[in-house]
Amino acid sequence: MDLTPIWLTLRLASITTILLLLICLPLARWLSKGRSFFKIIIEAIITMPLVLPPSVLGFYLLLAFSPQHGLGKWLYETFDLQFVFSFQGLVLASVIYSMPFMMGPIKSALQQLPSSLAQASYTLGKSERQTFLRVLLPNIKPSLFTAMVLTFAHTLGEFGVVLMIGGNIPGITRVASIAVYDSVENMDYSAANTYSLILFFITFVLVIGVFIFNKTQVKSPLE
Amino acid sequence: MISINIEKKLKAYSGQQWLKVNREFADGSITKIHGPSGAGKTTLLKIIAGLITPEKGIIKIDDITWLDISTKISLSPQKRMVGFVFQNYALFPNMTVREHLEYATKDEEWIDRLLTIGKLETLTTHKPEHLSGGQQQRLAILRALAIKPKLLLMDEPFSALDHEMKRVLIDELEVLFAELGLTVLIVTHNPQELDGLCDGELEIDTER
């Protein structure tokens, strides 16, 4: 039994979650402050993967990063970077595909904090950055945890996008969801069952973890 | 001397109305601000603190211009360093009583003194959710004082305190205001409660 697809999936989900956390924290803060037409457009683009068939997103990523033309060719010739049929391609696709799962809970939690919290911090002479790190972020911890677990779990289950841009290369792009599909194609139901059970178990533990964490959180005085 | 001459458009159910204030406040003066609900009392405090920008106006503190819309000068709230007591207290749920004050100042002696004045010295490790309404209100006042501001803006600061606590705290604050040479603007719904403390008043009304 080859466990490489499981390790590859866990590595992909971990890297995607960390990258999305770094991208979404400042972006969610910016989006949560006021509304403009430009912000609405950005939010719509971030939300698109929720409603778009994964194969459509994968198809366009495949076209955009193909080393034969356009952006993909430029990246390949200038930086020797190839996103198609490579692990970094999977990471890029996962970051785009899972972004709404990280962005949603963080942005919503920041919007629900009273604006007077940040204002009080500003009047104490604290910068936007200090206010974000010391006041806002610690007060949205449950939502932050939920966003991270949702992103991790969602990346574990990706199939369409990953297959389109990464293909099925053992040890490089053959993640667990693709290994299940591949095993069924090869009539190896025992391997498919093992991969599926492992994915089911990991996802179940994560979701249970979120429920327990949110249940044990002391009720916020802001509610 | 604080010189304020501002105009701010306010939204109301009955259409738009204007908040217009043209007034000077002497250094060390304590002024109560009152007027009908929705007249813009809180908005005025936020404009002075730099949290809201008016349509027109100038704010000067001792010849330093904090705001001049015509020349596009507007110092940030961080540079104005005004002590601000919010109506909803705006306490940080993640911080204990002491951490609130340590967030504002590094001066441990000053923190200890503030805790004594606010009678919170036995509650230093408590978070706001474990404080009563009156204790939360006192913490909000102490946090604003922690930065030793020259100007203190208080939005309904005594509304959650019982009569006895209010009297004791006002007496303590009067001494502290004089010691720090503070200029204080206090918004209140009940102007009589501040009769002994304030030496001036500003009644706000809006214009259509």
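**Exercise 1. Determine how many salt bridges and how many polar contacts join chain B and chain A in this predicted model.**

Solution. A salt bridge requires a side-chain nitrogen of Lys or Arg within 4 Å of a carboxyl oxygen of Asp or Glu. Across the interface of chain B and chain A, zero salt bridges are found by this rule. A polar contact is a pair of N or O atoms within 3.5 Å; within protein, one must be able to donate a hydrogen and the other to accept it, and residues adjacent in sequence count only if both atoms are side-chain atoms. Seven residue pairs across the interface are in polar contact, both residues at pLDDT 80 or more.

This is a predicted model, in which local features need pLDDT of at least 70 and side-chain atom pairs count only at pLDDT 80 or more, while totals for chains, interfaces and linings use all residues. Residues are numbered from 1 along each chain as its sequence is written, chains are lettered from A in the order in which they are written, and side-chain values use heavy atoms, with hydrogens and water left out.

**Exercise 2. State the extent of the interface of chain B and chain A.**

Solution. Contact (heavy atoms within 4.5 Å) links 20 residues of chain B with 23 residues of chain A. The two chains bury about 1,800 Å² between them, 64% of it on carbon and sulfur atoms; this is the accessible area (1.4 Å probe) lost on being put together, summed over both. In chain B, the most area is lost to chain A by B:Gln78, B:Pro93 and B:Tyr103, together 34% of what that side buries.
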